Amino acid sequence: MLEKFTSIFKIKDLRRKILLTLGIIAVFRLAASIPVPGVRIDALKSLFRSSALLGLLDMFSGGTLSRFSVVTLGLNPYINASIMLQLLTMIFPKLEELSKEGDYGRERIEQYTKFLTVPLAVFQAIGTYFLLRKQGVVGSLDPLAMVVLVLTLGAGTLLTIWLGGLISEYGVGNGISVLILAGILSRVPLSFAQALSTTGTENTFGLVIYLVAAFLLVGAVVMVNEGTREIPVRYARRVRGSGDYGGQSTHLPLRVNQVGMIPIIFAMSLILIPSMAASYLEGVKIPVLGAVLTMIPRLLRPDSSFYNALYFFLVVAFTYFYTAVTFNPEKIADDIKKYGGFIPGIRPGRATSSYLSWVLTRITLVGAIFLGLLAILPSIGQRLTGVTALALGGTGVLIVVSVILETLKKIEARVIMSDYEGFLK
C-alpha cells in the first residue's frame with residue numbers, strides 16, 4: 001500500500017496536479033476565513049445549529065455560510081443551477097440533443113449553467129441577507145451597502161466556481177466536488193475536539209459506539225455506492241462483404257444508488273419550507289392561522305418522530321422520481337435494439353424496456369431505503385449514543401466517500417497510463 005502511494009509522487013505530471021490541487025484548496029480555505037463585516041458570529045452559529053436546512057447548505061458551501069465569509073454562498077447557486085438545467089434537459093428536446101453532442105454539448109451546457117448561476121447567486125444573496133436580518137444576525141443596510149454585499153457574495157460564488165474549474169482542468173478530480181470535500185473534512189477535527197470536551201466520562205461508551213458506527217457507515221456507503229446489477233447484453237453477428245462485425249457480449253450496469261444524494265436535497269428543502277414560512281408569518285393575528293403556525297414547528301422538530309418519518313418517506317419518493325427522470329428504460333431498450341443487441345431470454349423492444357423497468361424498480365428500492373436511513377441517521381445516532389456534539393451525518397459521509405472514490409479512480413487511471421507509457425518507451 002505504501003509502495004503504491006509513493007509511486008504516485010514519482011510521476012512528475014501527477015505530482016504537479018496533486019500539488020496544484022492542494023494549493024487551490026488552500027486558497028479557497030483562506031477565502032472562507034475572511035468574514036463579511038457587520039455580522040454577529042455568535043448569533044449566526046446559534047441560527048445554524050437550530051436549522052437543518054441551513055446546516056445542509058453550510059455543508060455544501062464548505063463551512064463558509066456559518067462564518068458569513070466573502071465566499072458565503074459557495075457552490076450552492078451552481079449546484080442549484082446544475083440540478084435545474086439537468087431537469088430542463090429532460091423537458092426541452094433541444095437541450096437533450098445538445099447534451100448528446102459530446103464535448104461540445106457538455107461545454108455549452110456548462111456555459112448555460114454558469115449563466116444561470118449568476119441570477120441565482122444574486123437572488124440567494126438577497127434572501128440570505130433578509131433571513132439573517134430577521135434573526136438579528138445583521139443589522140439593516142442602506143441601499144449602497146446592500147448592493148456591495150450582494151456583489152461581494154456573488155463574486156465569491158464566481159471565484160469558487162473558477163477555482164473548481166482550475167482543479168478540474170489542471171488538477172486531480174472534479175473541482176466542485178473536491179472543494180465541497182475539503183469544506184466537510186475541514187470541520188471534522190473541530191467537531192471531534194468539541195465532542196471530546198463536552199462528553200463526560202459517563203458517556204465515553206456512547207462515543208466509542210459512535211466511532212464504530214461511523215466506520216461501519218463508511219463501509220456501507222462504499223458497498224452501496226459501488227454496487228451494480230450487471231444486465232448481460234449480446235450483439236448479433238453480422239457479415240458485410242469480407243468483414244465480420246458484432247458477436248460481442250457485454251453488460252449494462254444498473255447502479256444501486258442511481259441518483260447520488262439529489263433526493264436528500266429535494267426532501268430537505270421541501271420538508272423545511274413549512275417551518276420557514278411559519279417563522280415569517282408568526283406575527284399574523286388570525287387565530288386559526290396562528291394555531292397552525294404554532295403547531296408546525298412542534299411537528300417538524302428535527303428530533304421528532306413525525307419529522308424523521310416524513311423525511312424518510314420524502315427521500316424514498318424523490319429517489320424513485322429522480323431515477324425515473326434520469327433513466328429512461330424505453331430509450332435504453334431502443335438503443336440496444338438499434339445496434340443489434342438483445343438481453344438473453346428477453347425479446348428486443350417493449351419486452352426489454354419492461355424487464356429493465358422491473359429490475360430498476362427493485363434495485364432502486366434498496367438504494368432509496370439506504371438514502372432514507374442516511375438522511376435520518378443524525379437523529380438516530382444521537383438518540384442511541386447520547387452524543388450531540390458530533391452529528392453522524394450520513395449525507396456528509398456519502399459526499400466524502402463518493403468524491404474520494406472518484407478521485408482515487410482517476411489517480412489510479414493516470415498511474416496505469418504512466419506504466420503503459422514507460423512500457424512503450
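**Salt bridges and a cavity**

Author: Aspartate 335 is partly exposed, with a relative accessible area of 26%. This model is predicted.

Reader: Which residue does aspartate 335 form a salt bridge with?

Author: The general idea comes first. Side chains of opposite charge can pair when their charged atoms come close. Here, aspartate 335 pairs with lysine 331 in a salt bridge, with the closest N and O atoms 3.3 Å apart. Lysine 331 is also partly exposed, at 31% relative accessibility.

Reader: How many salt bridges does the structure hold?

Author: Four. One of them joins arginine 16 and aspartate 13, at 3.0 Å from N to O. These residues sit three apart in helix 2 (residues 12-32), about one helical turn. Arginine 16 is partly exposed at 44%, and aspartate 13 is partly exposed at 25%. Glutamate 406 and lysine 410 form another, at 3.7 Å from N to O. They lie four residues apart in helix 17 (residues 394-424).

Reader: Which helix gives the most to the lining of the largest cavity?

Author: Helix 16, with three residues. Helix 14 (305-326) and helix 16 (350-385) each supply at least two. The lining includes Thr319, Thr364 and Ala368. By class, it has three nonpolar, six polar and no charged residues.

Methods: Residues numbered from 1 in each chain as written. Predicted model: local features only at pLDDT ≥ 70, side-chain atom pairs only at ≥ 80, totals over all residues. Heavy atoms only, no water. 1 Å grid on protein atoms, 1.4 Å probe; cavity = no way out; pocket = protein on both sides within 12 Å on 5 of 7 lines; lining within 4 Å. Nonpolar A, V, L, I, M, F, W, Y, C, P; charged D, E, K, R; others polar. Salt bridge = Lys/Arg side-chain N within 4 Å of Asp/Glu carboxyl O. Buried < 20%, exposed > 50% of the residue type's maximum accessible area, 1.4 Å probe, protein only.
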